[in-house]
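This report describes the fold of one protein chain and the surroundings of selected residues.

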Amino acid sequence: MCALPLAAAAVAAPRIQLQLLCRGLAAAMSTARPLKSVDYEVFGRVQGVCFRMYTEDEARKIGVVGWVKNTSKGTVTGQVQGPEEKVNSMKSWLSNVGSPSSRIDRTTFSNEKTISKLEYSNFTIRY
């Protein structure tokens, strides 16, 4: 007699856990912050100091997408996209940290906007 209710409970348990997991994912997605996109330019000693390589590495650690490249005027420019809090983390890194040998004098951000989907699938160095 007891075997039947236990068997039914054993079958129902994974289904209930799956339903709870799906509800949790749906709730997380509905409360997800909007995606942001921002262009940046970093001024200072940012060329010849592996700034682009460190930027790419940091962007991948944080979990944002976009690109970085050197400019002909000695700055580094690019674009970052991702969830707002991750973009803000990358903005802080670009303004205050950089590569170990770099010197950041200032960083400007422009064209900051909310986007409906990411335009890039990863973060790359452009040449």
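Helices (H or I, at least four residues) and strands (E, at least two) are DSSP runs, numbered from the N terminus. The model is a predicted one, in which local features need pLDDT of at least 70 and side-chain atom pairs count only at pLDDT 80 or more, while totals for chains, interfaces and linings use all residues. Residues are numbered from 1 along each chain as its sequence is written, and side-chain values use heavy atoms, with hydrogens and water left out.

**Overall fold**

The protein contains 3 helices and 5 strands, arranged along the sequence as α-β-α-β-β-α-β-β. Of its 127 residues, 33% are buried; buried means under 20% relative accessible area, exposed over 50%, and partly exposed in between (1.4 Å probe, protein chains only). The exposed surface comes to about 8000 Å², of which carbon and sulfur atoms supply 57%; accessible areas come from the Shrake-Rupley method with a 1.4 Å probe, and for residues only the protein chains shown count as cover. Contact means heavy atoms within 4.5 Å. Among contacts between residues at least 6 apart in sequence, 77% join residues at least 24 apart.

**Strand pairing**

Two strands pair if DSSP finds at least two bridges between them.

| Pair | Sense | Bridges | Residues facing each other |
|---|---|---|---|
| Strand 2 and strand 3 | antiparallel | 6 bridges | V65 and Q81 |
| Strand 2 and strand 5 | parallel | 3 bridges | G66 and F123 |

The hairpin of strand 2 and strand 3 has 5 residues between the strands, and G74 in this hairpin adopts a positive phi near 85 degrees.

**Helix 2**

An α-helix has 3.6 residues a turn, so residues three or four places apart point the same way. Just after helix 2, G63 has a positive phi of about 100 degrees.

**Q81 in strand 3**

Q81 belongs to strand 3. With a relative accessible area of 0%, Q81 is buried. Its side chain makes a polar contact of 3.3 Å with the side chain of S37; a polar contact is a pair of N or O atoms within 3.5 Å, where, within protein, one must be able to donate a hydrogen and the other to accept it, and residues adjacent in sequence count only if both atoms are side-chain atoms. A polar atom of the Q81 side chain also lies 2.8 Å from the backbone nitrogen of E119. Not counting residues up to four places away in sequence, Q81 touches residues among which are K36, V64, V87, I115, L118 and Y120.

**Annotated positions**

The unreviewed UniProt entry annotates R52 and N70 as "active site". They are spread over 19 residues of sequence but cluster in space, with a largest C-alpha distance of 7.7 Å. UniProt positions are given in the numbering used here, feature names are shortened, and annotations may be inferred rather than shown by experiment.

R52 is placed in helix 2 and is partly exposed, with a relative accessible area of 22%. Leaving aside neighbours within four places in sequence, R52 is in contact with V68, K69, N70, I125, R126 and Y127. N70 is placed in strand 2 and is partly exposed, at a relative accessible area of 27%. With neighbours within four places in sequence again left aside, the contacts of N70 are V46, Q47, R52, T75 and V76.
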